[in-house]
Structures are given as C-alpha cells and as structure tokens.
Amino acid sequence: SARLSLTPSRCSGVGLALCKRLLDEDGRIHLCIACRNEQKSEATRDLILATHPSAQVSTVEMDLGNLASVLRAARELRCRFQRLDFVYLNAGIMPNPHVNFKALWHGLLTGKLLHMLTTAEGIMTQTDRLNGDGLQEVFATNLFGHFMLVRQLQSLLCSNEKPSRLIWTSSSNARESAFSLSDYQHAKGQESYSSSKYATDLTSVVLNRKFNDQGLYSSVVCPGLVMSNMTYRILPVFLWKLLMPIMWLIRFFAKTYTLTPYNGAEAHVWLFKQKPEYLDSLVKYHSCTSGLGRCYVEPRKMDVDEDTAEKLYQKLLELEEQSLEKYHDLLD
C-alpha cells in the first residue's frame, strides 16, 4: 500500500517531522512526498533516509499554488499507484504576515491576551495577491490546490477494500468571522490565512458526507503553534529568540504551544493509528503539549455550519469545472 504525504516545500517543519514519525510507526509503508520542485523533494528525501535508511520513499513534484502542476502530479500518481491509504494535505502559505501590536496591548488590558496568543485572533493580518491562475494565492495554495488534487485522485481513494484517509492541516486560527461565502477566496479582507483554514474545515465536513459510503474519510488537525519557517517570518528572528523563554512558560497555560515540528505532528500521527469510521467528522484534532513536554491529542468540536459547507463545496465544484476547461490537455 502507498501513503502519500504532502510536505511543505521547504525541507523542514511539520511535514518532515510527520514523514519521520510515520516511518517510526510503520517502516513498511511506501511514503511519497510532494514538494514544489525536484531539488526540494530530493533534499527532503535525503533527510528522511538519513534517519530511516531502509525506508521506501519516492517523490513527486507539485506546486499546490499552480493548477497545471497539480494536474500533472495527479496524472503521474495515477500512473504510479493503484491505491492510496493516506493523503496528508499539509502544504500552506502565509504571505507577508503583520502583527497588530496595538490589538495585543488591548488584549492584555481586557484579559483576552492568552486567547489571542493561542488563536492569533485580531492580531494577524496578511497581504494576499493573485497567482498565475487568476486565483487568490492563499486560497489556491492552502485549499483549492488540495481540493483539485483530491478530486483528481478519487480513483485511488474511493471504492477500495480498505478505507482511504484524507488528513488536512488546519489551524486554531480558522475562524468563521474571517470567512464569507460571497468572497470565499478572501479577495477583500486581510485574514486570508484564517479564511482558507476555515474553508478547509468546511470542505472536510462535506467530503465525509459525500464519500464515506465509498470508503473515503476526511479529518482535520491543528498542529498548534510550531516554530517553523512560516512562523519565523511573522517577527524578526532576534525577537523570537527573546520570546522563546516566555513561550516555554506560556505552554503551562496554553497547551497548543507545541513549539517543535515533532510535537506539532502528534495529531497527524495519532490519526494514522485510528479506525476512521469511529471518528467524529465535526471534530478537529489538536496536537497539544503539556508544560512538562508530554504530547497528546485533544478533540474539539468545530464551529462549522453544514449548510455553509455544502454551498462552499458547490462553489469549489464550479471553480473546478472552469479550471479543467482551461487545462483540459492535462487530463487523461
């Protein structure tokens, strides 16, 4: 059986930690990693083989923010594999993040600081832009590229003897207040990351309703606050170094401060070991770490409206149809 894990384009972060932890769980799996270009794929593969020299690790080149790249990769995967047991939908971007220090100060005065620090609510904004496909870049990379990939791999995921699994990396920053059906690509707001992650939660809920009876199950995880390349772009590096002792202390009060990629992958790995038919499709599984460093998983009900989820799904299908017309030459 093959497990496909989509890792971030850099050779670091939760994606790399996840690959190593999956091989720790089961060294017999075939792991296929997807990165934006061949050099990054090979570099990631080398890092995995350095700790797991006998592992079966293959690569595929895929840029989730480029629909032609997604369609080419899906076609290649359909040629190489007969089925996929797991697809980890883990790639994501947060371009040009800005911190609202005034909002942070207000949170301190009103007693909401801990909530703001654990969800980034009201303190994080991004500047988005259109990509080469004419889509909002964050929406395309964080959600729609993954959605198109899942749709293109349906023949490898559905109607198999054993269930297949989709495991999406969402965020505690996924909030309904940042999302609007009338602007589901988030062209008008400044919280594109939050919007894309909330749309991820909605999409997962609908996919379960549509495909559970065909043996495909979808789950959503939150890795917590992980110190990764994405996080380091939010503030200057010297500031993070100053803040790290405080963040270790905050962990005693905020269990989602997982901090390391290894800890952040806890929920992803936990789901690898669960029977999907017993999981709640309306729950997000959070990676947590205690103040003393113990990793565990906490299920939390998602704040999602199933009617909104269905309407978003229909909009994604319409956008998919338009996109496939444009790239019909890349289809079988």
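**Before you start**

This is a predicted model, in which local features need pLDDT of at least 70, side-chain atom pairs count only at pLDDT 80 or more, and totals for chains, interfaces and linings use all residues. Residues are numbered from 1 along each chain as its sequence is written, and side-chain values use heavy atoms, with hydrogens and water left out.

**Stop 1: the whole chain**

Show the chain as a cartoon. It has 13 helices and 10 strands. Helices (H or I, at least four residues) and strands (E, at least two) are DSSP runs, numbered from the N terminus. Of the 332 residues, 58% are buried. Buried means under 20% relative accessible area, exposed over 50%, partly exposed in between (1.4 Å probe, protein chains only). Now think about contacts, meaning heavy atoms within 4.5 Å. Take those between residues at least 6 apart in sequence: 74% of them join residues at least 24 apart.

**Stop 2: H6 against H13**

Select helix H6 (residues 137-152) and helix H13. Two packed helices are described by the angle between their axes and the distance between the axes. Axes here are lines fitted to C-alpha atoms, for helices over the stretch in contact, and angles run from 0 to 180 degrees between N-to-C directions. The axes of H6 and H13 come within 11 Å and cross at roughly 80 degrees. H6 and H13 are therefore roughly perpendicular to each other.

Show the side chains. On the H6 side, look for Phe-139, Leu-143, Phe-144, Phe-147, Met-148, Arg-151 and Gln-152. They meet Tyr-313, Leu-316, Leu-317, Leu-319, Glu-320, Ser-323 and Leu-324 in H13. This contact divides into 10 nonpolar, two polar and two charged residues. Ala, Val, Leu, Ile, Met, Phe, Trp, Tyr, Cys and Pro count as nonpolar, Asp, Glu, Lys and Arg as charged, and the others, Gly among them, as polar.

**Stop 3: H8 against H13**

The contact of H8 with H13 has 10 nonpolar, three polar and four charged residues.

Now zoom in on Phe-211, which lies in H8. Phe-211 counts as buried, at 7% relative accessibility. Leave out residues up to four places away in sequence, and Phe-211 touches Arg-151, Gln-154, Cys-158, Leu-216 and Tyr-313. Draw a distance to Leu-157 as well: Phe-211 and Leu-157 are 54 residues apart in sequence and 9.6 Å apart in space, C-alpha to C-alpha.

**Stop 4**

Go to the loop between strand E7 (164-169) and H8, where His-186 is found. His-186 has a positive phi of about 60 degrees although it is not a glycine. Is His-186 buried or exposed? At 7% relative accessibility, His-186 counts as buried.

Ser-170 is in the loop between E7 and H8. At 1% relative accessibility, Ser-170 counts as buried. Ser-170 and Tyr-285 are 115 residues apart in sequence and 9.5 Å apart in space, C-alpha to C-alpha.

**Stop 5**

Helix H8 (192-211), strand E9 (283-289) and strand E10 (295-301) each give two or more residues to the lining. The lining has four nonpolar, three polar and seven charged residues.A pocket is found on a 1 Å grid over the protein atoms alone, as an open set of points where a 1.4 Å probe fits, with protein on both sides within 12 Å along at least five of seven lines; lining residues have an atom within 4 Å of a point.

**Last stop: Leu-259**

Find Leu-259 in the loop between helix H10 (237-250) and helix H11 (261-264). Its phi is near 70 degrees, a positive value in a residue other than glycine. Leu-259 is buried, with a relative accessible area of 2%.

Notes: Parallel < 35°, antiparallel > 145°, perpendicular 65-115°, else oblique.
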